Amino acid sequence: MWVSRALGGVAIAAFFMGAAAQGAERQARAGAEAPPAYTELDVPYVQTPGAVVARMLELADVQASDFVYDLGSGDGRIAIAAVRDRGAKGAFGVEIDPRLVDEARANAERAGVSGRVSFEVQDLFTTDFSRASVVTMYLLPDVNLKLRPTLLGMPAGTRVVSHQFDMGDWAPDLHERQGRRNLYLWVVPARLHGKWTLQQGQGDDLTLEFDQRYQRFEGAASGGAARYQIRDGWIRGNEIHFQLYKESGVHHYAGRVEGDAILPLAGWGGEEGWRARRQ
Ligand SMILES: C[S@@+](CC[C@H](N)C(=O)[O-])C[C@H]1O[C@@H](n2cnc3c(N)ncnc32)[C@H](O)[C@@H]1O
(Lines give C-alpha, C1' and ligand atoms only; values in the text may rest on other atoms or scores of the structure.)
Protein backbone atom coordinates (compact mmCIF):
# COMPACT_ATOMS: atom_id res chain seq x y z
CA MET A 1 0.00 0.00 0.00
CA TRP A 2 1.37 3.39 -0.94
CA VAL A 3 0.58 4.95 2.47
CA SER A 4 3.27 3.00 4.29
CA ARG A 5 5.78 3.74 1.52
CA ALA A 6 4.82 7.41 1.64
CA LEU A 7 5.83 7.73 5.26
CA GLY A 8 9.42 7.03 4.30
CA GLY A 9 10.45 10.59 3.47
CA VAL A 10 9.57 14.18 4.16
CA ALA A 11 8.94 14.97 0.50
CA ILE A 12 6.60 12.07 0.15
CA ALA A 13 4.80 12.86 3.39
CA ALA A 14 4.25 16.39 2.06
CA PHE A 15 2.90 14.85 -1.13
CA PHE A 16 0.46 12.79 0.97
CA MET A 17 -0.78 15.85 2.87
CA GLY A 18 -1.32 17.69 -0.38
CA ALA A 19 -3.25 14.74 -1.73
CA ALA A 20 -5.47 14.59 1.32
CA ALA A 21 -6.27 18.29 0.99
CA GLN A 22 -7.10 17.92 -2.70
CA GLY A 23 -9.20 14.85 -1.96
CA ALA A 24 -11.26 16.76 0.58
CA GLU A 25 -11.71 19.61 -1.90
CA ARG A 26 -12.87 17.25 -4.64
CA GLN A 27 -15.25 15.54 -2.25
CA ALA A 28 -16.74 18.88 -1.24
CA ARG A 29 -17.21 19.77 -4.93
CA ALA A 30 -18.82 16.39 -5.60
CA GLY A 31 -21.29 16.77 -2.71
CA ALA A 32 -22.25 13.42 -1.18
CA GLU A 33 -19.82 11.38 -3.29
CA ALA A 34 -17.69 8.84 -1.45
CA PRO A 35 -14.07 9.89 -0.92
CA PRO A 36 -11.60 8.71 -3.55
CA ALA A 37 -10.32 5.25 -2.71
CA TYR A 38 -6.74 6.42 -2.20
CA THR A 39 -5.70 3.21 -0.48
CA GLU A 40 -6.31 1.34 -3.75
CA LEU A 41 -4.18 3.73 -5.75
CA ASP A 42 -0.48 3.34 -6.38
CA VAL A 43 -0.27 7.13 -6.24
CA PRO A 44 -2.71 9.64 -4.73
CA TYR A 45 -4.33 12.30 -6.89
CA VAL A 46 -2.36 15.53 -6.78
CA GLN A 47 -2.43 17.97 -9.67
CA THR A 48 0.61 19.35 -11.43
CA PRO A 49 0.31 23.17 -11.55
CA GLY A 50 -0.18 24.64 -15.02
CA ALA A 51 3.22 26.33 -15.18
CA VAL A 52 4.92 23.06 -14.28
CA VAL A 53 2.91 21.20 -16.94
CA ALA A 54 4.10 23.74 -19.51
CA ARG A 55 7.72 23.34 -18.44
CA MET A 56 7.52 19.53 -18.48
CA LEU A 57 6.31 19.60 -22.08
CA GLU A 58 8.96 22.16 -22.96
CA LEU A 59 11.73 20.00 -21.44
CA ALA A 60 10.47 17.05 -23.48
CA ASP A 61 10.45 19.33 -26.54
CA VAL A 62 6.98 18.07 -27.49
CA GLN A 63 6.30 18.73 -31.15
CA ALA A 64 3.73 17.93 -33.84
CA SER A 65 5.33 14.55 -34.52
CA ASP A 66 4.94 13.39 -30.90
CA PHE A 67 2.46 11.10 -29.24
CA VAL A 68 2.35 11.73 -25.50
CA TYR A 69 1.29 9.29 -22.78
CA ASP A 70 0.55 10.59 -19.30
CA LEU A 71 0.67 7.77 -16.77
CA GLY A 72 -1.85 8.50 -14.04
CA SER A 73 -3.51 11.32 -15.95
CA GLY A 74 -5.76 12.81 -13.25
CA ASP A 75 -7.95 15.55 -14.75
CA GLY A 76 -6.11 15.23 -18.06
CA ARG A 77 -4.18 18.49 -17.89
CA ILE A 78 -0.83 17.18 -19.20
CA ALA A 79 -2.28 15.23 -22.13
CA ILE A 80 -4.60 18.11 -23.04
CA ALA A 81 -1.80 20.70 -22.88
CA ALA A 82 0.46 18.49 -25.03
CA VAL A 83 -2.04 18.65 -27.87
CA ARG A 84 -3.54 22.11 -27.30
CA ASP A 85 -0.40 24.07 -26.44
CA ARG A 86 2.40 22.09 -28.11
CA GLY A 87 0.54 20.74 -31.14
CA ALA A 88 1.34 17.06 -30.42
CA LYS A 89 -0.40 14.84 -32.95
CA GLY A 90 -2.03 12.90 -30.12
CA ALA A 91 -2.05 12.13 -26.43
CA PHE A 92 -3.37 9.38 -24.20
CA GLY A 93 -4.06 9.50 -20.50
CA VAL A 94 -4.09 6.33 -18.40
CA GLU A 95 -5.98 6.71 -15.16
CA ILE A 96 -7.33 4.18 -12.70
CA ASP A 97 -10.01 6.39 -11.16
CA PRO A 98 -13.08 6.41 -13.48
CA ARG A 99 -14.34 9.72 -12.11
CA LEU A 100 -11.09 11.40 -13.10
CA VAL A 101 -11.34 9.86 -16.55
CA ASP A 102 -14.81 11.38 -16.93
CA GLU A 103 -13.45 14.73 -15.74
CA ALA A 104 -10.50 14.54 -18.16
CA ARG A 105 -12.77 13.71 -21.11
CA ALA A 106 -15.00 16.69 -20.25
CA ASN A 107 -11.92 18.93 -19.97
CA ALA A 108 -10.67 17.75 -23.38
CA GLU A 109 -14.08 18.48 -24.87
CA ARG A 110 -14.05 21.98 -23.36
CA ALA A 111 -10.52 22.56 -24.69
CA GLY A 112 -11.66 21.51 -28.17
CA VAL A 113 -9.08 18.72 -28.45
CA SER A 114 -11.16 15.60 -27.78
CA GLY A 115 -10.44 14.38 -31.32
CA ARG A 116 -6.74 14.01 -30.54
CA VAL A 117 -6.71 13.17 -26.83
CA SER A 118 -8.23 10.15 -25.20
CA PHE A 119 -8.44 8.88 -21.67
CA GLU A 120 -9.08 5.34 -20.51
CA VAL A 121 -9.59 3.69 -17.16
CA GLN A 122 -6.53 1.48 -17.04
CA ASP A 123 -3.82 0.38 -14.66
CA LEU A 124 -0.59 2.07 -15.69
CA PHE A 125 1.32 -1.13 -14.88
CA THR A 126 -0.56 -3.14 -17.48
CA THR A 127 -0.92 -0.44 -20.12
CA ASP A 128 1.05 -0.81 -23.32
CA PHE A 129 2.56 2.63 -23.90
CA SER A 130 5.12 1.50 -26.47
CA ARG A 131 3.72 3.87 -29.11
CA ALA A 132 4.57 6.94 -27.01
CA SER A 133 7.40 9.20 -28.11
CA VAL A 134 7.02 11.14 -24.86
CA VAL A 135 5.97 9.73 -21.47
CA THR A 136 5.00 12.07 -18.66
CA MET A 137 4.45 11.15 -15.04
CA TYR A 138 3.80 12.54 -11.61
CA LEU A 139 3.94 9.36 -9.58
CA LEU A 140 6.05 8.13 -6.64
CA PRO A 141 9.66 6.94 -6.37
CA ASP A 142 8.91 3.23 -6.13
CA VAL A 143 6.35 3.43 -8.94
CA ASN A 144 8.97 5.12 -11.12
CA LEU A 145 11.40 2.33 -10.28
CA LYS A 146 8.88 -0.34 -11.23
CA LEU A 147 8.31 1.39 -14.56
CA ARG A 148 12.02 1.87 -15.24
CA PRO A 149 12.72 -1.42 -17.07
CA THR A 150 9.78 -0.79 -19.41
CA LEU A 151 10.89 2.77 -20.05
CA LEU A 152 14.47 1.67 -20.73
CA GLY A 153 13.13 -0.86 -23.25
CA MET A 154 11.39 1.85 -25.30
CA PRO A 155 12.86 3.02 -28.61
CA ALA A 156 16.00 5.11 -28.22
CA GLY A 157 15.14 8.78 -28.20
CA THR A 158 11.84 8.40 -26.31
CA ARG A 159 11.65 11.24 -23.78
CA VAL A 160 10.45 10.66 -20.24
CA VAL A 161 9.59 13.57 -17.96
CA SER A 162 8.82 13.17 -14.30
CA HIS A 163 7.44 15.76 -11.95
CA GLN A 164 9.05 15.49 -8.54
CA PHE A 165 10.54 11.99 -8.40
CA ASP A 166 13.63 10.48 -9.98
CA MET A 167 14.52 7.01 -11.27
CA GLY A 168 17.04 5.86 -8.69
CA ASP A 169 20.47 5.34 -10.21
CA TRP A 170 19.27 6.09 -13.77
CA ALA A 171 20.55 9.66 -13.70
CA PRO A 172 18.45 12.16 -15.65
CA ASP A 173 19.75 13.90 -18.76
CA LEU A 174 18.42 17.06 -17.18
CA HIS A 175 17.20 18.04 -13.73
CA GLU A 176 15.85 21.41 -12.77
CA ARG A 177 14.12 22.86 -9.76
CA GLN A 178 11.09 25.11 -9.78
CA GLY A 179 10.85 26.28 -6.20
CA ARG A 180 10.33 23.11 -4.14
CA ARG A 181 9.45 21.10 -7.22
CA ASN A 182 11.83 18.91 -9.20
CA LEU A 183 11.56 18.25 -12.90
CA TYR A 184 13.51 15.43 -14.54
CA LEU A 185 14.09 14.55 -18.18
CA TRP A 186 15.50 11.28 -19.47
CA VAL A 187 16.13 10.41 -23.11
CA VAL A 188 16.00 6.64 -23.53
CA PRO A 189 19.51 5.63 -24.63
CA ALA A 190 20.32 3.31 -27.53
CA ARG A 191 21.40 -0.12 -26.35
CA LEU A 192 25.00 -0.89 -27.26
CA HIS A 193 25.32 -4.35 -25.70
CA GLY A 194 27.28 -6.95 -27.64
CA LYS A 195 30.25 -6.63 -29.93
CA TRP A 196 30.65 -4.29 -32.87
CA THR A 197 33.11 -4.26 -35.76
CA LEU A 198 34.68 -0.88 -36.43
CA GLN A 199 35.85 -0.38 -40.00
CA GLN A 200 37.90 2.67 -40.84
CA GLY A 201 39.76 3.54 -44.04
CA GLN A 202 42.39 0.99 -45.02
CA GLY A 203 43.19 0.09 -41.40
CA ASP A 204 42.47 -3.26 -39.77
CA ASP A 205 39.01 -3.77 -38.36
CA LEU A 206 38.64 -3.43 -34.61
CA THR A 207 36.19 -5.23 -32.38
CA LEU A 208 34.47 -2.85 -30.00
CA GLU A 209 33.00 -4.05 -26.73
CA PHE A 210 30.98 -1.55 -24.79
CA ASP A 211 30.20 -1.66 -21.10
CA GLN A 212 27.07 0.48 -20.89
CA ARG A 213 25.37 1.89 -17.86
CA TYR A 214 22.30 3.87 -18.95
CA GLN A 215 23.60 6.89 -20.94
CA ARG A 216 27.28 6.28 -20.11
CA PHE A 217 29.69 3.67 -21.36
CA GLU A 218 33.31 2.65 -21.62
CA GLY A 219 34.91 -0.39 -23.14
CA ALA A 220 37.70 -1.86 -25.19
CA ALA A 221 38.71 -2.04 -28.83
CA SER A 222 40.82 -4.93 -30.05
CA GLY A 223 42.29 -6.19 -33.31
CA GLY A 224 45.31 -8.43 -33.78
CA ALA A 225 47.71 -7.67 -30.96
CA ALA A 226 46.27 -4.22 -30.39
CA ARG A 227 44.05 -3.42 -27.47
CA TYR A 228 42.80 0.09 -26.80
CA GLN A 229 40.59 1.67 -24.18
CA ILE A 230 37.26 3.30 -24.91
CA ARG A 231 36.49 6.08 -22.46
CA ASP A 232 34.10 8.94 -21.82
CA GLY A 233 31.28 7.33 -23.81
CA TRP A 234 27.89 8.95 -23.61
CA ILE A 235 24.59 8.43 -25.38
CA ARG A 236 21.68 10.74 -26.01
CA GLY A 237 18.94 8.78 -27.70
CA ASN A 238 20.60 7.37 -30.81
CA GLU A 239 23.57 9.72 -30.71
CA ILE A 240 26.77 8.34 -29.23
CA HIS A 241 30.18 9.80 -28.46
CA PHE A 242 33.35 8.12 -27.26
CA GLN A 243 37.12 8.46 -27.19
CA LEU A 244 39.45 5.74 -28.42
CA TYR A 245 42.87 5.83 -26.74
CA LYS A 246 45.44 4.68 -29.32
CA GLU A 247 49.24 5.03 -29.52
CA SER A 248 48.62 7.76 -32.09
CA GLY A 249 46.58 9.77 -29.59
CA VAL A 250 43.00 10.16 -28.44
CA HIS A 251 40.45 9.83 -31.24
CA HIS A 252 36.94 11.17 -30.89
CA TYR A 253 34.05 9.28 -32.46
CA ALA A 254 30.60 10.81 -32.80
CA GLY A 255 28.00 8.60 -34.35
CA ARG A 256 24.38 7.70 -34.72
CA VAL A 257 23.02 4.23 -33.99
CA GLU A 258 20.80 3.09 -36.84
CA GLY A 259 19.59 -0.44 -36.27
CA ASP A 260 22.68 -2.65 -36.28
CA ALA A 261 24.99 0.08 -37.56
CA ILE A 262 26.70 3.12 -36.10
CA LEU A 263 27.36 5.82 -38.67
CA PRO A 264 29.48 8.96 -38.26
CA LEU A 265 27.70 12.10 -37.21
CA ALA A 266 28.50 15.08 -39.42
CA GLY A 267 29.59 18.36 -37.91
CA TRP A 268 31.36 17.13 -34.78
CA GLY A 269 34.89 17.38 -36.09
CA GLY A 270 35.83 13.89 -34.91
CA GLU A 271 36.93 10.84 -36.85
CA GLU A 272 35.63 10.48 -40.39
CA GLY A 273 35.28 7.64 -42.85
CA TRP A 274 34.32 4.96 -40.34
CA ARG A 275 31.35 2.82 -39.57
CA ALA A 276 30.56 0.12 -37.05
CA ARG A 277 28.22 -2.83 -37.36
CA ARG A 278 26.89 -5.15 -34.71
CA GLN A 279 28.50 -8.62 -34.86
C1 LIG B 1 -0.09 12.62 -8.62
S2 LIG B 1 -1.47 12.30 -9.63
C3 LIG B 1 -0.98 13.06 -11.15
C4 LIG B 1 -2.15 13.52 -12.00
C5 LIG B 1 -1.73 14.22 -13.29
N6 LIG B 1 -0.83 13.42 -14.07
C7 LIG B 1 -1.06 15.53 -12.97
O8 LIG B 1 0.18 15.59 -13.02
O9 LIG B 1 -1.78 16.50 -12.68
C10 LIG B 1 -1.31 10.56 -9.93
C11 LIG B 1 -2.50 9.94 -10.62
O12 LIG B 1 -2.25 8.56 -10.83
C13 LIG B 1 -3.47 7.84 -10.68
N14 LIG B 1 -3.12 6.46 -10.40
C15 LIG B 1 -2.71 5.90 -9.23
N16 LIG B 1 -2.45 4.61 -9.38
C17 LIG B 1 -2.69 4.30 -10.68
C18 LIG B 1 -2.59 3.12 -11.46
N19 LIG B 1 -2.17 1.98 -10.94
N20 LIG B 1 -2.90 3.20 -12.77
C21 LIG B 1 -3.31 4.36 -13.33
N22 LIG B 1 -3.44 5.52 -12.64
C23 LIG B 1 -3.12 5.49 -11.34
C24 LIG B 1 -4.16 8.56 -9.54
O25 LIG B 1 -5.55 8.33 -9.54
C26 LIG B 1 -3.79 10.02 -9.84
O27 LIG B 1 -4.78 10.63 -10.63
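The model is predicted: local features need pLDDT of at least 70, side-chain atom pairs count only at pLDDT 80 or more, and totals for chains, interfaces and linings use all residues. Residues are numbered from 1 along each chain as its sequence is written, and side-chain values use heavy atoms, without hydrogens and water.

**Select the ligand.** Around the ligand are 22 residues, each with a heavy atom within 4 Å of it. D42, T48, G72, E95 and L124 are the closest. Colour the shell by type: 11 residues are nonpolar, six polar and five charged. Here Asp, Glu, Lys and Arg count as charged; Ala, Val, Leu, Ile, Met, Phe, Trp, Tyr, Cys and Pro as nonpolar; the others, Gly among them, as polar.

**Colour the domains.** Select 1-46 for domain 1 and 49-187 for domain 2. Both give residues to the shell, so the ligand lies between them. The bounds come from an automatic or database domain assignment.

**Pick out the nitrogen atoms of the ligand.** One is 2.7 Å from a polar backbone atom of G72. Next, show D70: a polar side-chain atom lies 3.0 Å from a ligand nitrogen. For D123, a polar side-chain atom also lies 3.0 Å from a nitrogen atom of the ligand. Taken alone, the ligand exposes 600 Å², and the protein buries 100% of that. These areas come from the Shrake-Rupley method with a 1.4 Å probe.

Conventions
A polar contact is a pair of N or O atoms within 3.5 Å; within protein, one must be able to donate a hydrogen and the other to accept it, and residues adjacent in sequence count only if both atoms are side-chain atoms.
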